[in-house]
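Dear colleague,

Please find below the structure that I am handing over to you. My findings follow directly after it.

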Amino acid sequence: MVTHHPANDDAGDFYSWQDILDFGVEEVRIPDQNINLKVDESQWDWAKNHPDHRVQFVWLMGKMAEIDDVVKFQKGKWDCSDAGMVLYLITGATNGGLKQGSVQQVKTILEYFIKDNS
């Protein structure tokens, strides 16, 4: 189980973080993904204005997280902190994955994927 912030650990509806660990699940803690990924919206304009609709969708999901009113401190910021855990997994996880990715690294990975899968 991957987590990037203690505030998320007991945010579930049915189990506490410790309840889940008690099932024998391995815990992996990576740094707070908000540090490099929750930035001013303008830093994600490249995704909003990208010619590929799949990248535009990535931007849309970040925007939805910003306006959903669940977390009040993210207003004006494009919040994809939870997606940082996915970035960690797809780049290798415990075998050298990005523990704290940046906007530029996300852009590079997405554009590389699009180039190879168009």
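Ala-65 counts as partly exposed, with a relative accessibility of 21%; the class partly exposed lies between buried, under 20% relative accessible area, and exposed, over 50% (1.4 Å probe, protein chains only). Ala-65 belongs to helix α5, where helices are DSSP runs of H or I with at least four residues, strands are runs of E with at least two, and both are numbered from the N terminus. Between the C-alpha atoms of Ala-65 and Lys-77 the distance is 9.4 Å, and the two residues are 12 apart in sequence.

The model is a predicted one, in which local features need pLDDT of at least 70 and side-chain atom pairs count only at pLDDT 80 or more, while totals for chains, interfaces and linings use all residues. Residues are numbered from 1 along each chain as its sequence is written, and side-chain values use heavy atoms, with hydrogens and water left out.

Overall architecture

The chain contains 7 helices and 4 strands, and the order from the N terminus is β-α-α-β-α-β-α-α-β-α-α. Its C-alpha trace spans about 45 × 35 × 20 Å along the principal axes. Of the 118 residues, 33% are buried. Contacts (heavy atoms within 4.5 Å) at a separation of 6 or more come to 62% from residues 24 or more positions apart.

Nonpolar cores

In soluble globular proteins, nonpolar side chains tend to be buried together. A nonpolar core is understood here as a set of buried Ala, Val, Leu, Ile, Met, Phe, Trp, Tyr and Cys residues joined through side-chain atoms within 4.5 Å. The largest one has 13 residues, and those with the most contacts inside it are Trp-44, Trp-46, Ala-47 and Val-106. At least two residues of this core come from each of α4 (45-48), α5 (53-67) and α7 (103-116), and α7 gives the largest share, 3 residues. A second, separate core has 5 residues, including Val-28, Met-85, Tyr-88 and Ala-93.

Within the chain, Ala-47 is in contact with Val-55, Gln-56 and Trp-59, leaving aside its neighbours within four places in sequence.

Ala-93 lies in the loop between α6 (83-90) and α7. Ala-93 counts as buried because its relative accessible area is 16%. Its phi is near 45°, a positive value in a residue other than glycine.

His-4 is located in the loop between β1 (2-3) and α1 (6-9), and Gln-33 in the loop between β2 (28-29) and α3 (34-37). Are these residues buried or exposed? His-4 is buried, at 3% relative accessibility, and Gln-33 is buried too, with a relative accessible area of 1%.

Polar contacts (pairs of N or O atoms within 3.5 Å; within protein, one must be able to donate a hydrogen and the other to accept it, and residues adjacent in sequence count only if both atoms are side-chain atoms) occur at both residues. The side chain of His-4 makes one with the side chain of Asn-8 at 3.3 Å, and a polar atom of the His-4 side chain lies 3.3 Å from the backbone nitrogen of Gln-33. The Gln-33 side chain, in turn, reaches the backbone oxygen of Lys-99 at 2.7 Å.

Beyond four places in sequence, the residues that Gln-33 touches include His-4, Ser-81, Met-85 and Gly-101. Gln-33 and Ala-83 are 50 residues apart along the chain, with 8.3 Å between their C-alpha atoms.

Gly-101 is placed in the loop between α6 and α7 and is buried, at 0% relative accessibility. Apart from neighbours within four places in sequence, Gly-101 is in contact with Gln-33, Asn-36, Leu-37 and Leu-87.

Yours sincerely
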